[in-house]
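Work through the exercises below with the sequence and the 3D structure at hand. Try each task before reading its solution.

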Amino acid sequence: MTETPVTRVRNVGVDVQDNDEARPIVEAIERDNPEATIRRMPGMLKVQVPRQMVIRRTTVEEILGREWDTQEFQLSIISLAGNISEWDEDEILIKWEH
């Protein structure tokens with residue numbers, strides 16, 4: 001009997017401050033990444049997504065009700081798991097490169 005190889009799915013994630021600036025970003029991540037899981041801790045939100053996470057400027061702006069520069073994300077990040085594969089004025093893409 002041969003065993004089927006198990007494919008392990010790696011999560012990517014970000015830990016952000018639990019504050020008024022970061023909560024809309026987390027809500028946008030949830031909208032654009034349906035498989036996202038959020039763990040709320042004192043002062044911190046841990047967001048994990050299988051494979052890759054996208055953060056879209058347009059989604060964050062829709063939630064905030066104002067323009068949002070993707071560079072503002074840096075003000076909320078505590079840590080991240082994964083590689084920043086793409087970061088421009090429209091979106092941030094975090095995934096494992098290997």
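The model is predicted: local features need pLDDT of at least 70, side-chain atom pairs count only at pLDDT 80 or more, and totals for chains, interfaces and linings use all residues. Residues are numbered from 1 along each chain as its sequence is written, and side-chain values use heavy atoms, with hydrogens and water left out.

**Exercise 1. The sheet**

Find the order of the strands in the open sheet of 3 strands, and state how they pair.

Solution. 
- Step 1: Strands (E, at least two residues) and helices (H or I, at least four) are DSSP runs, numbered from the N terminus. Two strands pair if DSSP finds at least two bridges between them.
- Step 2: The order is E4-E7-E6, and the pairing is antiparallel.
- Step 3: Strand E4 (52-56) and strand E6 (83-87) each have a single partner strand, so they stand at the edges, and one side of each is left without a neighbour in the sheet.
- Step 4: From one strand to the next, the twist averages 15 degrees; axes are lines fitted to C-alpha atoms, and angles run from 0 to 180 degrees between N-to-C directions.
- Step 5: E4 and strand E7 (residues 91-95) run antiparallel and are joined by 5 bridges. Ile 55 stands opposite Ile 92 in E7.

**Exercise 2. The core**

Name the residues that touch the most other members of the largest nonpolar core.

Solution. 
- Step 1: A nonpolar core is a set of buried Ala, Val, Leu, Ile, Met, Phe, Trp, Tyr and Cys residues joined through side-chain atoms within 4.5 Å. Buried means under 20% relative accessible area, exposed over 50%, and partly exposed in between (1.4 Å probe, protein chains only).
- Step 2: The largest core has 19 residues, and Val 14, Ile 29, Met 53, Ile 55 and Phe 73 touch the most other members.
- Step 3: Helix H1 gives the largest share of this core, 4 residues.
- Step 4: Contact means heavy atoms within 4.5 Å. Not counting residues up to four places away in sequence, Phe 73 touches residues including Val 14, Ile 55, Trp 87 and Ile 92.

**Exercise 3. Two residues**

Solution. 
- Step 1: Ser 76 lies in the loop between helix H2 (57-64) and strand E5 (77-81).
- Step 2: Glu 30 belongs to helix H1 (residues 23-32).
- Step 3: Leaving aside residues up to four places away in sequence, Glu 30 touches Ala 36 and Ile 38.
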